[in-house]
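This briefing is for a reader new to the structure. Please look over the sequence and the model shown here before reading the points that follow.

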Amino acid sequence: MSDPEPRPITRRRLLGQGMGALSAVALATPPPVRAEAPRYAGALFDAHLHYNDEAWLGPHTLDDVLGRLQRAGVRGAVANSRPNAGTHALAGPQAQAAGIAVVPFVRLYRQRADYEGWPDDDSIRRMVLDELAVGTPAGPFRGLGEFHLYDSRRADAPVPRALMQLAQARGLAVLAHCDDEAVQRLMAHAPQTRLIWAHTGIGGVPLARVRALLERHPTLLGELSYRPGLTEGDGRLAAEWRALLAEQPQRFLLGSDTWVNARWSAYETLMDEVRRWLADLPPAAAQRIAWDNAAALFGLAAPG
Ligand SMILES: [Zn+2]
């Protein structure tokens, strides 16, 4: 059996079907980058972080994750967690005392079943409104997501449409895991919304298409975790990515995507790999991607 039309490769598909040998651990821990290669040394902002219940109920206590962020030189992070209790815990006084600026986003999923059903489930929209009304110990929520659209046509369903319009009206950012077609559909609902495209397309959409979308949608930003083709075997930036990031550093953010505990246990290694490829860019471009774009987006002070 083959699909009637091409579909983006998602982590879920990679893990769930046909490629069983690729375990979550294998995806979470790429081969080590040579230690002697140069590293970007400035502060990092992690724009794609989850503190899900399997992390905080398991080995990754608040002390553990804050220690990892500190050791990795991460001085700020978007927090979004299933359920939102993880974000409430992270966006508290302990992170502030650790010198980490936490930018809370509302997660749409209460449980795993919501990953598929949310676009037509109005109770999700109402939950988002309730969360926004309450806020977090660190202040109001600043964004919505991460949400997933495994079928791009679902971007036109009632809840994604309403949430894009809500984000635009309230000045919230949106973190969306979807393909290039869904980006178009989401932006059509609310063209001024600041949309952070998780992984800049995990299916590896060609860079010409990425460039065209960035040009067409001035408030679109690309987040670079799990981006196929970003780096080569030695951890250096691929040439076409180096060109794009050097040309348009104001349009990209970096992230860890701690979607499973294996990503948390590899956190410092993941951020070291990010520092490795950032070092391939002109320093000013690296600093924009590492920190300045997030600081501008969320009004963060310079890290002390
Ligand atoms: Zn994610």
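Glu-273 is found in helix H14, which covers residues 267–278. The model is a predicted one, and in it Glu-273 is buried, with a relative accessible area of 12%. The chain around this residue contains 15 helices and eight strands.

**Chain overview**

- The chain has 304 residues, and buried residues make up 55% of them.
- Among contacts in the chain with a separation of 6 or more, 76% are between residues 24 or more positions apart.

- Glu-273 and Asp-234 are 39 residues apart along the chain, and their C-alpha atoms are separated by 9.9 Å.
- Ala-290 lies in helix H15, which spans residues 283–298.
- Ala-290 is buried because its relative accessible area is 0%, and the cut-off for a buried residue is under 20%.
- From C-alpha to C-alpha, Ala-290 is 9.6 Å from Ala-47, although the two are 243 residues apart in sequence.
- Leaving aside neighbours within four places in sequence, Ala-290 is in contact with Tyr-40, Ala-43, Leu-44, Phe-45, Leu-254 and Leu-278.

**Zinc site**

- Four residues coordinate the zinc ion: His-48 and His-50, each through NE2, Glu-146 through OE, and Asp-257 through OD.
- Along the chain, the donors follow the spacing H-x1-H-x95-E-x110-D.
- The angles among the four donor atoms range from 85 to 171 degrees, and the site is irregular.
- Both His-48 and His-50 are buried.
- The peptide bond that joins Gly-145 to Glu-146 is cis, with omega of about 0 degrees.

**A further cis peptide bond**

- Arg-82 and Pro-83 are joined by a cis peptide bond, with omega of about -10 degrees.
- Pro-83 lies in a loop that runs between strand E2 (74–79) and helix H5 (85–90).

- Thr-200 is not a glycine, yet it has a positive phi of about 50 degrees.
- Thr-200 is found in the loop between strand E6 (194–197) and H11.
- Thr-200 is buried, with a relative accessible area of 1%.
- Tyr-226 is another residue other than glycine with a positive phi, here near 60 degrees.
- The loop that holds Tyr-226 is between strand E7 (220–223) and helix H12 (239–247).
- Tyr-226 counts as buried, at 17% relative accessibility.

**Packing of helices H10 and H11**

- Two packed helices are described by the angle between their axes and the distance between the axes.
- The axes of helix H10 (residues 180–189) and helix H11 (residues 207–216) come within 11 Å and cross at roughly 5 degrees.
- H10 and H11 are therefore roughly parallel to each other, since angles under 35 degrees count as roughly parallel.
- On the H10 side, Asp-180, Glu-181, Val-183 and Gln-184 take part in the contact, and they meet Arg-209, Leu-213 and Arg-216 in H11.
- The residues of this contact divide into two nonpolar, one polar and four charged.

Key:
Residues numbered from 1 in each chain as written. Predicted model: local features only at pLDDT ≥ 70, side-chain atom pairs only at ≥ 80, totals over all residues. Heavy atoms only, no water. Axes fitted to C-alpha atoms, helices over the stretch in contact; angles between N-to-C directions. Helix = DSSP H or I, 4+ residues; strand = E, 2+ residues; numbered from the N terminus. Parallel < 35°, antiparallel > 145°, perpendicular 65-115°, else oblique. Contact = heavy atoms within 4.5 Å. Nonpolar A, V, L, I, M, F, W, Y, C, P; charged D, E, K, R; others polar. Donors = N, O, S within 2.8 Å, 3.2 Å for Na, K, Ca; no water. Tetrahedral: all angles 85-135°; square planar, octahedral: opposite > 155°, others 65-115°. Buried < 20%, exposed > 50% of the residue type's maximum accessible area, 1.4 Å probe, protein only.
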